[in-house]
Amino acid sequence: MTRVLTLWCPDWPVSALGYGEDVPVVVLVQNRVHACSSAARHRGVHIGQRRREAESLAADLVFVERDMKAEGSQFEPVISAVAEASPLVEASCPGTLAIDVRGPNRYFGGEDNLKRLIAALAQGAMPVASAPTVAVGVADGRFASALAARENRCVAPGNSREFLSSLPVATLERPQLSSLLEQLGIKTLGAFARLPQEAVLSRFGIEGFRFHCLANGSGEETLELVEPRMVHLLEVEFDVAIDQCDVLIFSLKSRVEEFFASLSREGLSCSRVHVELKTASGEVRRRLWRSDDPFGSEAILQRLRWQIDGWLSGLAGEAPTVGIQSIILAPDEVSRTDGFQLSFGHLVTDADERAMRGAHRLQAALGREAVYVPVKMGGRGPADRFHLIPWGEPKSAFQERPWPDHLPSPAPASVFPSPQSIDVLDERGFAIEVSARGELNTQPARLSFDHRHWFRIMKWSSPWLISERWWDPKRRRRIVRFQFVLEDGSAHLCFLEQGSWYLEATYD
Amino acid sequence: MVSTAALSEVLDRSSLGDLARGSQGLTIHPALAALFPTGLPMGSTGGIGGSAASSILFALLAKPLEQGAWAGIVGSPFLGIEAAADLGVRLDRLLLAPKPGIHWSEVVAGFIDSCEIVAFFPSAGSQQRPDALRRLAARARQRRTLLLVLVRAGTSVRQDYWESLDFHLVAQIGVWRGLGIGWGALQSREVEVVLSGRRVAGRERRVQLVLSGFSCSSSSERAPLRTVSSNQ
């Protein structure tokens, strides 16, 4: 798992509005407390309270409505400042950002240095009026890192599990799940992680299973992702460079909306978007935007506005000298909305839950090899295209190999992983030979699967020569593939290797 | 106090009635709709055989899995996954047990409990026991799961075993197109699918299809219906 550094500004909704920690400010959303300053917290205010309840606690509380615009635009300078240390910053909500530490680590000499540097950079870019403190955490994986940031500490590699184990279940921020766990006497993430996977799945469903994975530190790898190559990206180029944010957003709006509509039509959703802004003179700004819920066009346009406005206005680093010429949006961490997936808050159907539970039960009773799922691998022959892996294993461990299939035909419905030995002869009973240039000495006429009963070959393809590892004299392999249609209407894929014939697949 | 044997006999006879009155089944592929006018007969147990058995199975699975159903496939180490994907089967809704060994009936039963459609390829011999099939069929009926027994061309099947199924779908390949004498490549074939069974109203229904790698269409229509897989 990658090491992730998370920078967290507590009470950002308050700080963005220019209030310091010592002013008792309460930020409201729909008459409920969304955030408050530490002074307000001292007076007993906490998140989730109703306005009237908070009002009754102290007379000097200041109530304000949440201002998303201010939160976003005030955080842009912070993101740019951090981007100087690590070019690709992942921003989720204003107030939090994350970076992958591998590169910067080496450059800045260790995680402690990096932590101090990032904190200093961010602090320097914070709004002057509120001057909030920042906290930085480093750990394996995004989940642990965000929690480490709450305590402003570095969790050593491999210690995520230990770190997480003492945290209370309320940190999962899923009140229903955590109250259920507490009722059962499970108060810490460690106790939760110790429960057997099977039990968690059948008792708490998919969501519980997902959090169980996070709690025992193995988390994000179990996401089932669609290959990024298969997903389109959105590239917009303007005829004339534009240097006004509103005009840009206006021009992009319909393109972005159409793009996300087409994603959801295909049943896909993404939780991360890579945005690249490029000016006419070649200056580039890149950013990763993450959302816990799947991205919609509204959310992305709002973030684009922050990013573009921050750059063009010069508030977030140096403004570009010319206008923006092109914008690229590349969806990342794409998964299926309507299929089985293990992600925060995504809906999973009853049928999915039933199937998952059934698979787990069978594996529990009969072992991991009881249930498999197909995964795409890629290879020359029909048997190499897909492999089976046991249910529950992370698919990210298997990489697709880039060998395109050369057969111009439909795929055969039955494939034999170990080819079966057969006989093919010509009309007179002689063997068939294929020259290095693909010329046959005679015509195939009959075929036998069991060396006894013979079928007439009614149709056959011209030979397809495959030369594998021609550079390696020991493992060199030369095979010749044929398609045959027999007198009973069946069609087969066969190959000839060193004088022997084999059945590779049947088109049944 | 009714004995279990008598009870199961009563259930056997009355539960399905006429297949034409199938339950509110899952969507069926348009080209095969003529075979099951009221949708797939959930809860029943049928057999699929013939020289295009595997492809017809994939064509049957495509629409239900797209709708959100799951399928469990037992006993086929030769399953052409790519062919399934090309015909529109959602691979992320498949559970597979290619070599279940002696636990084959437990795996089939487990899949019956958790999936909407189960396809089982019984090997000749011990896996073709009518009594085991009866038990699994009863379970499938209870869970409203469609249980399909696949007999690929070339596999032998016991007569009494085959006869005990509620319906039979036999898919035979007619003419292959695309391949010649020493040239070309397989492109598509005409397949005749015959549905028969003692519970099918009118005794027998048949359709003519054109099956290419990517689509399955009625041969009476000219325009093929594409079922392009979206799970690449």
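A salt bridge is taken here as a side-chain nitrogen of Lys or Arg within 4 Å of a carboxyl oxygen of Asp or Glu. The structure is a predicted model, in which local features need pLDDT of at least 70, side-chain atom pairs count only at pLDDT 80 or more, and totals for chains, interfaces and linings use all residues. Residues are numbered from 1 along each chain as its sequence is written, chains are lettered from A and ligands numbered from 1 in the order written, and side-chain values use heavy atoms, without hydrogens and water.

Over all chains, the search finds 30 salt bridges. One of them pairs A:Arg272 with A:Glu90 at 2.6 Å, N to O. A:Arg272 lies in strand β9 (residues 268-279) of chain A and A:Glu90 in strand β5 (residues 90-91) of chain A, so the bridge ties together parts 182 residues apart in sequence. Strands (E, at least two residues) and helices (H or I, at least four) are DSSP runs, numbered from the N terminus. Both A:Arg272 and A:Glu90 are buried. Buried means under 20% relative accessible area, exposed over 50%, and partly exposed in between (1.4 Å probe, protein chains only).

A second bridge, A:Arg354 to B:Glu116, spans 2.4 Å, N to O. A:Arg354 sits in helix α14 (residues 350-366) of chain A, and B:Glu116 in the loop between α4 (104-114) and β4 (117-120) of chain B, so this pair joins two chains. A:Arg354 is partly exposed, at 37% relative accessible area. B:Glu116 is buried, at 13%.

Within chain B, the side chains of B:Arg177 and B:Glu190 also meet at 2.4 Å, N to O. B:Arg177 belongs to strand β6 (residues 167-179) and B:Glu190 to strand β7 (residues 184-196).
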